Each structure stands twice: as C-alpha cells, then as structure tokens.
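Subject: Structure for your files

Hello,

Please find the structure below. My notes on it follow.

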Amino acid sequence: AYLNESGGRFISLPCGSWFSNQTTTLTANTVTTLTLNNTDANATIDTTLSNGSVQVVYPGVYNYQFSAEFENADSQAHDVEVWIRVDNADVYESATQLTVPSRHGSRNGAAVAAWNFFLTAQANSVFDLVVAANHPDVRVAALPASSSPYVRPSIPSLITTVTFVSRLPA
C-alpha cells in the first residue's frame, strides 16, 4: 500500500461480498449454518468462499456485515435467533433474537436481520452465520425478481460482506 499527498486512495484492503440465491429451510429448535453460493464481482483475492463460508487469508480484525431475509408461512408469529461463529466457535455476545410476523393474506410474514461486528481472526479463519427458529414454517428465503406490480431485482436469502480493518492488536 502506498500513501502520498493524495491520501489513502492507493490502499488496497482485503474485502469480499457474497450472497445466496437459495432458500434455506429450517428445522424447529435446530441450529443451522447458513451458506453462501455466489461471489460479488467486487471481492478481492484475499478473502474467499470455502464450502459456503467466508475464509480470510490474513490474521487481523475484520468488519463482518450480513443481512438475512426471514420468512414465516404460519398464521402465528415465530422467533428466530441469529449469531456468528468463527472457526466453529460461537462469538461471545453475538446472538440476537427477532420475531418474524405471521402470514397475512396471501403473503408470508417477513423480517430482515442486518448487523455488523468486528471479528478477530487468525490466518485462514472461517466466518459463519448460524440461525435457529422455534417453528418449521420459518425459513431464510430467497425471492425471484418481480415485474408486477413494479419491477425489482431478486432478493438474496443472505448477503455477507467482510472487510479487513486492522492487524491484530499487539
């Protein structure tokens, strides 16, 4: 990386962006690891997708961001919990609970979980998002593009971005 009078515009930090265009069906009261199946064109070579998980090449502190699209086909609202794992270990205090609204009319209830965290990683660490719902009608839903009543792009079930922030603290 080079710095000069132009500022930090020549710095290149490892980063990546991934998404899933697949719906994940959840089993009630069972922890499920979500997987990603597409790489955004802006991902750098220093972060990779490994078996549906994000793997970082370099040790350091990373900004991990995600959004997950939850859907509920039941007539009652149901809870889902979301948290992060690094190298298969649950990240301390990363869990959040949200309630996915019930189906209304002909539409499934929907809720989006979207947060970011600073994660400490070693070389080749793997980041995963895991979820658990209290009812089998809750799923992580990918929805196709729509042309009626208006045009909109498809909705991924999961979007994840990871950006290198700094080296590990000394």
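**Notes on the model**

Asn29 is exposed, with a relative accessible area of 64%; exposed means over 50%, buried under 20%, and partly exposed in between, with a 1.4 Å probe and protein chains only. This is a predicted model, in which local features need pLDDT of at least 70 and side-chain atom pairs count only at pLDDT 80 or more, while totals for chains, interfaces and linings use all residues. Residues are numbered from 1 along each chain as its sequence is written, and side-chain values use heavy atoms, with hydrogens and water left out.

Asn29 sits in the loop between strand E2 (24-25) and strand E3 (32-33). Strands are DSSP runs of at least two residues and helices (H or I) runs of at least four, numbered from the N terminus. Leaving aside residues up to four places away in sequence, Asn29 touches Ala133 and Asn134, where contact means heavy atoms within 4.5 Å. From Asn29 to Leu49 there are 20 residues in sequence and 27 Å in space, C-alpha to C-alpha.

Leu13 lies in the segment before strand E1 (15-20). Its relative accessible area is 38%, so Leu13 is partly exposed. Leu13 and Ser166 are 153 residues apart along the chain, and their C-alpha atoms are separated by 9.2 Å.

Asp128 belongs to strand E12 (residues 126-133). Asp128 is buried yet has no salt bridge, and the nearest side chain of opposite charge, Arg85, is 7.1 Å away. A salt bridge here is a side-chain nitrogen of Lys or Arg within 4 Å of a carboxyl oxygen of Asp or Glu. The side chains of Asp128 and Ser53 are joined by a polar contact of 2.4 Å; such a contact is a pair of N or O atoms within 3.5 Å, and within protein one must be able to donate a hydrogen and the other to accept it, with residues adjacent in sequence counting only if both atoms are side-chain atoms. Beyond residues up to four places away in sequence, Asp128 touches several others, including Tyr64, Trp83 and Ile84.

As for the whole protein, it has zero helices and 14 strands. Its C-alpha trace spans about 60 × 40 × 25 Å along the principal axes. Of its 170 residues, 37% count as buried. Among contacts with a separation of 6 or more, 72% come from residues 24 or more positions apart.

Regards

Conventions
Lys, Arg positive; Asp, Glu negative; His and termini not counted.
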